[in-house]
Amino acid sequence: MDDALVKKIAAPPRYLELQAARSRFGWTLTIAMLVVCYGFILLVAFDKELLAQRIGSRVMTIGMPLGVGVIVFTVVLTVVYVKRAHRAFDALADEVGKAALR
C-alpha cells in the first residue's frame with residue numbers, strides 16, 4: 001500500500017477514534033472470555049466435587065450445563081461483536097475511508 005495513502009488514512013482524528021473504540025471493545029470481550037474460560041478450568045481443577053454433583057436423580061451433573069454455558073457464552077460474545085461492528089465500527093470505517101479518498 002502507498003505510504004501517502006496510509007498516512008492520509010491514519011491521520012484523521014476519526015480514524016484514531018475508530019482504532020481506540022475497536023481496541024477497547026475487543027479487549028473488553030477478550031477479558032470476559034478469558035474470565036469465563038479460565039473460571040471453568042479452575043473449577044474443573046480445584047472443585048471437582050461441585051461439578052460432579054448430580055442435578056436431581058438423573059445422570060447429568062452441574063459441570064455439563066456449565067460447559068455448554070461456556071460454549072453459548074462464546075457464541076453470544078461473537079454476536080455482540082458482530083452487531084456492534086455493523087452498528088458502529090462499519091459506519092465509522094466507511095467515513096474514514098471516504099475522507100481518505102478525497
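Predicted model: local features only at pLDDT ≥ 70, side-chain atom pairs only at ≥ 80, totals over all residues.
Me: Why is T61 called buried?
Reply: The relative accessibility of T61 is 16%, and buried means under 20%; T61 therefore counts as buried.

Me: Where is T61 placed, and which residues does T61 touch?
Reply: T61 lies in the loop between helix 3 (48-52) and helix 4. Beyond residues up to four places away in sequence, T61 touches L51, A52, Q53, R54 and I55.

Me: Why is V68 called partly exposed?
Reply: V68, a residue of helix 4, has a relative accessible area of 49%. Exposed requires over 50% and buried under 20%, so V68 falls in between and is partly exposed.

Me: What makes V68 part of a surface patch?
Reply: Patch residues need over 30% relative accessible area, and V68 has 49%. V68, V72, V76 and V80 together form the nonpolar patch, with about 300 Å² of accessible area.

Me: Which residues make up the largest nonpolar core?
Reply: This core has 10 residues: L18, A21, F25, L29, M33, V70, L77, A85, F89 and L92. Helix 2 (13-46) and helix 4 (63-101) are the elements that give two or more residues to this core. Leaving aside neighbours within four places in sequence, M33 is in contact with V70, F73, T74 and L77.

Notes:
Residues numbered from 1 in each chain as written. Heavy atoms only, no water. Core = buried A, V, L, I, M, F, W, Y, C linked by side-chain atoms within 4.5 Å. Buried < 20%, exposed > 50% of the residue type's maximum accessible area, 1.4 Å probe, protein only. Helix = DSSP H or I, 4+ residues; strand = E, 2+ residues; numbered from the N terminus. Contact = heavy atoms within 4.5 Å. Patch = residues over 30% accessible without salt bridge, like charges linked within 9 Å, V, L, I, M, F, W, Y side chains within 5 Å. Areas by Shrake-Rupley, 256 points an atom, 1.4 Å probe, with all protein chains shown as cover. Salt bridge = Lys/Arg side-chain N within 4 Å of Asp/Glu carboxyl O.
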